[in-house]
Amino acid sequence: MLEVVKVATRLKNALLADAARFYTEDVGPWVPGMPTPQQVSAGTGREPLWLNLGYWRDVEKVDENNCERVGELFPAAQAQMAHLLARTAKLGAGESVLDCGFGYGDQDLLWAESYKPARIAGINVTPTQVRIASERARLVGLDNVIRLQEGSATSLPFGAGEFDVVFALESALHFKTRRDFLREAFRVLRPGGRLVMADMCMKTDREAGLGLRQRLHLRYWRGRIAMPESNVWTSQRYVAEMQRAGFKNARLDSIALDVYPGANTAFMALHSLTRHQREPGAMSLEQVRENVRKARETDPGQLFWHLHYNTDEYGLVYAEKA
Ligand SMILES: C[S@@+](CC[C@H](N)C(=O)[O-])C[C@H]1O[C@@H](n2cnc3c(N)ncnc32)[C@H](O)[C@@H]1O
């Protein structure tokens, strides 16, 4: 009976694709011990609580020899993702920034300290994240620059032309819908303002020819991570949607190979080490290393994101309001 309830709940959650529920109940930060959202606290404000897959091009990748240091290596790659977005936006001192889907606020602390914008406004649908991120900004003394609030990126509580830069760091896949967000981002940007995102999509439309069973499989797993079906776009469609919203110089550069394989290995290290530490005797350190080695050698075409979400593309997305 319990099993039936579990399956029914999963199906319902997949159908609803509700990001606030997902990040309130299911998914906590990707750090050692894999805490649930309920276990997270603001701490000193400085402990990493990132929720992105990381940009692994220029940092030490996790492997079977260094996997004990995943708690240091994963956040370094995640911070690199935030730097990549800032560099792509050419984020400058004194600018006004809007961050849509800020997680626990790590990127806002990083941008505020490293790039000195005048203001970072943030919007996020997950109330616990808003509370913890706001507390962290206060604890590190940046609450005069960073102002975070609850709300949806698809209906922004800001006036037209308020921002120089709008960011969405691995969050737009969840927005209901991403198209509504593009319209809103265009509205709140000033002329000459930049939209920069890190986001998942498909390289090509691989779904048209699939049978019902495979389509339901993808739909179920995307729903489980709160990715609505309306956001299943190819990279070509992504660029076309930005142009349709009025943006100029829209582009999507593939960084998939600098994201997915590194993240896959890091997740395996986090999960296996957590099991090794929490359940004595369940997994030896040698088994942890073996799992990590296998994960590192996985063919990119066989990674979870490709097989279960059909998001084989990971884009660095850029557009300007003329
Ligand atoms: C994968 S997490 C990324 C968090 C953060 N950018 C990071 O890199 O750590 C996705 C974030 O998008 C937020 N989100 C989802 N739907 C949203 C919406 N409609 N409006 C604003 N934020 C949303 C979630 O609450 C979560 O914080």
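Predicted model: local features only at pLDDT ≥ 70, side-chain atom pairs only at ≥ 80, totals over all residues.
At 52% relative accessibility, N249 counts as exposed, where exposed means over 50% relative accessible area, buried means under 20%, and partly exposed is what falls in between, with a 1.4 Å probe and protein chains only. N249 sits in strand β6, residues 248-254, and takes a positive phi of about 50° although it is not a glycine. Helices here (H or I, at least four residues) and strands (E, at least two) are DSSP runs, numbered from the N terminus.

Residues are numbered from 1 along each chain as its sequence is written, and side-chain values use heavy atoms, with hydrogens and water left out.

Let me stay with backbone angles for a moment. A17 also has a positive phi, of about 45°, without being a glycine, and it is found in the loop between α1 (2-16) and α2. Is A17 buried or exposed? With a relative accessibility of 7%, A17 counts as buried.

Now to the ligand. The ligand is surrounded by 22 residues, the closest being L51, Q107, N124, T126 and Q129; a residue belongs to this group if one of its heavy atoms lies within 4 Å of the molecule. By type, the shell divides into ten nonpolar residues, eleven polar and one charged, with Ala, Val, Leu, Ile, Met, Phe, Trp, Tyr, Cys and Pro taken as nonpolar, Asp, Glu, Lys and Arg as charged, and the others, Gly among them, as polar.

A polar backbone atom of L51 is 2.8 Å from an oxygen atom of the ligand, an N or O atom in the side chain of N52 is 3.0 Å from an oxygen atom of the ligand, and a backbone N or O atom of G101 lies 3.0 Å from a nitrogen atom of the ligand. Taken alone the ligand exposes 600 Å², of which the protein buries 98%; these areas come from the Shrake-Rupley method with a 1.4 Å probe, and for residues only the protein chains shown count as cover. The elements giving two or more residues to the shell are α2 (19-26) and β2 (119-124).

A polar atom of the N52 side chain lies 2.8 Å from the backbone nitrogen of G54, while the backbone oxygen of N52 lies 2.7 Å from a polar atom of the side chain of Q78. Q78, in turn, lies in helix α3 and counts as buried at 0% relative accessibility. Leaving aside residues up to four places away in sequence, Q78 touches W30, W50, L51, N52 and G54, where contact means heavy atoms within 4.5 Å.

Helix α3, residues 70-89, has 20 residues and reaches 29 Å from its first C-alpha to its last, close to the 28 Å expected at 1.5 Å a residue, the expected span being 1.5 Å times one less than the number of residues. Because 15 of its 20 residues are buried, α3 is largely enclosed by the rest of the structure. In helix α5, residues 127-139, the end C-alpha atoms are 18 Å apart, which agrees with the 18 Å that its 13 residues should span. Its buried residues are Q129, V130, I132, A133, R136 and A137, and their cover includes α2, α4 (106-115), β2 and β3 (146-150).

Terms used
Polar contact = N/O pair within 3.5 Å; in protein donor to acceptor, adjacent residues only side chain to side chain.
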